Amino acid sequence: MDCDTTGIEPEIALVKYKWLVGGGMMKLINQTTSQALTKLGYDSDQVKEILEYIDANDMIEGAPHIRDEHLDIFDCAFRPKNGKRSIHYLGHVRMMSAVQPFLSGAISKTVNMPEEATPEDIIDVYMTAWRAGLKAIAVYRDNSKRMQPVTTSVLKKEDKEDNKEESASQTVPETRGEEYKPRRRRMPDERRSVTHKFSVANHEGYITVGLYEDGTAGEIFITMSKTGSVICGLMDAFATSVSIGLQYGVPLKVLVNKFAHMRFEPSGVTNNPSIRIAKSIIDYIFRWLAMKFLPPEEQVLVGINVPQEVPQELEETAPSEAVGKIDDKKQQLPLGGAQLGQEETLIFDVQSDAPICDTCGSMMVRNGACYKCLNCGATSGCS
């Protein structure tokens with residue numbers, strides 16, 4: 001065919017814009033326009049002026065020297081942004097029907113319809129194609145997608161977004177043109193803080209958590225090893241990134257679920273009775289943050305020993321009677337779907353990150369904040 005289009009279809013526009021996947025835009029100009037103008041009898045200077053007009057205005061309508069009887073030769077599938085002319089969508093169907101008798105298969109062709117096309121117009125296209133004997137038909141209405149790879153104007157994308165904002169503003173009050181950005185909740189100049197000394201496999205460090213007025217965590221500082229060492233620099237940079245995330249509204253629960261139970265050296269026994277074994281320094285830090293700032297039910301899910309409170313009604317009861325009441329309460333507990341789902345999660349967490357038993361080599365299971373081996377009975381220090 002040796003044309004700008006690769007199938008039985010007209011050009012989308014003499015000048016079109018293609019949005020690239022990685023960002024940016026490419027301007028594509030029809031390469032056969034100059035050949036057509038030369039064949040129609042325009043001299044080189046006239047062709048140059050017409051092409052310059054097309055490049056500047058994205059259309060041939062109103063170009064110097066162009067004669068009215070030649071305009072329909074340069075009509076395209078989509079109407080230019082400031083123009084009025086285009087090929088009627090049924091012209092696409094007739095073009096296909098003229099070629100279909102000479103082909104054994106269907107034609108790979110999309111009928112491009114204007115943005116103003118109605119459902120009735122689309123029905124008309126399908127029925128006309130069926131009557132013409134076409135084996136397949138595809139329809140696309142201009143700007144019907146949120147992101148359209150090829151448009152007739154660089155402003156088409158922005159115009160579409162403005163129209164969407166305007167229609168949305170009829171139901172949801174909002175300010176047009178306002179750019180929404182995440183807001184940072186900065187810490188006050190004077191703030192309360194909590195400092196915690198820890199030790200993981202004899203590697204000591206300090207965690208300092210700065211608090212907002214409401215007691216929630218807003219920043220953390222981690223001090224380890226000597227100033228200027230690799231581990232000191234890494235922990236300082238990591239603490240800074242976590243602090244920025246907290247101040248931009250990232251929930252602490254999300255960070256805990258992401259970083260707790262990360263396994264790398266140094267790892268081992270800690271001096272915290274609620275977190276007996278830490279798989280890494282990062283694991284210890286976020287499990288400690290969960291212990292200080294998350295509710296008890298979420299602490300259990302990340303492997304923290306939460307002290308069980310005895311109900312007040314049992315504190316005033318004799319030991320034998322208390323045991324009876326506890327058994328009665330167990331029998332009355334409903335096993336609903338939500339509770340079963342939580343139990344399944346707990347069972348998975350018990351074995352998902354367990355280490356290998358040092359004695360027999362079997363997989364251990366979590367026992368509170370430590371681990372035990374179901375094969376030989378060895379423990380990591382809790383039992």
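Mentor: Let us begin with the aromatic pairs, of which the count comes to four. The model is predicted, so local features need pLDDT of at least 70 and side-chain atom pairs count only at pLDDT 80 or more, while totals for chains, interfaces and linings use all residues. Residues are numbered from 1 along each chain as its sequence is written, and side-chain values use heavy atoms, with hydrogens and water left out.

Trainee: Why is the aromatic pair of Phe238 and Phe286 called edge-to-face?

Mentor: Rings of Phe, Tyr and Trp (its six-membered ring) pair if their centres lie within 6.5 Å; planes under 30 degrees apart count as stacked, over 60 as edge-to-face and the rest as tilted. For Phe238 and Phe286 the values are 5.9 Å centre to centre and 80° between the planes, so the pair is edge-to-face.

Trainee: What makes this pair tie together parts that are apart in sequence?

Mentor: Phe238 lies in helix α6 (residues 230-247) and Phe286 in helix α8, so the parts tied together are 48 residues apart in sequence. Helices here are DSSP runs (H or I, at least four residues), numbered from the N terminus. Both Phe238 and Phe286 are buried (under 20% relative accessible area, 1.4 Å probe, protein chains only). Ring pairs also link Phe238, Phe259 and Phe286 into a cluster.

Trainee: How do you know that the charged end of Arg185 sits over the ring of Tyr212?

Mentor: The rule asks for CZ of Arg, or NZ of Lys, within 6 Å of the ring centre and within 35 degrees of the ring normal. The charged end of Arg185 is 3.8 Å from the centre of the Tyr212 ring and is placed over that ring.

Technical notes. Helix = DSSP H or I, 4+ residues; strand = E, 2+ residues; numbered from the N terminus. Buried < 20%, exposed > 50% of the residue type's maximum accessible area, 1.4 Å probe, protein only.
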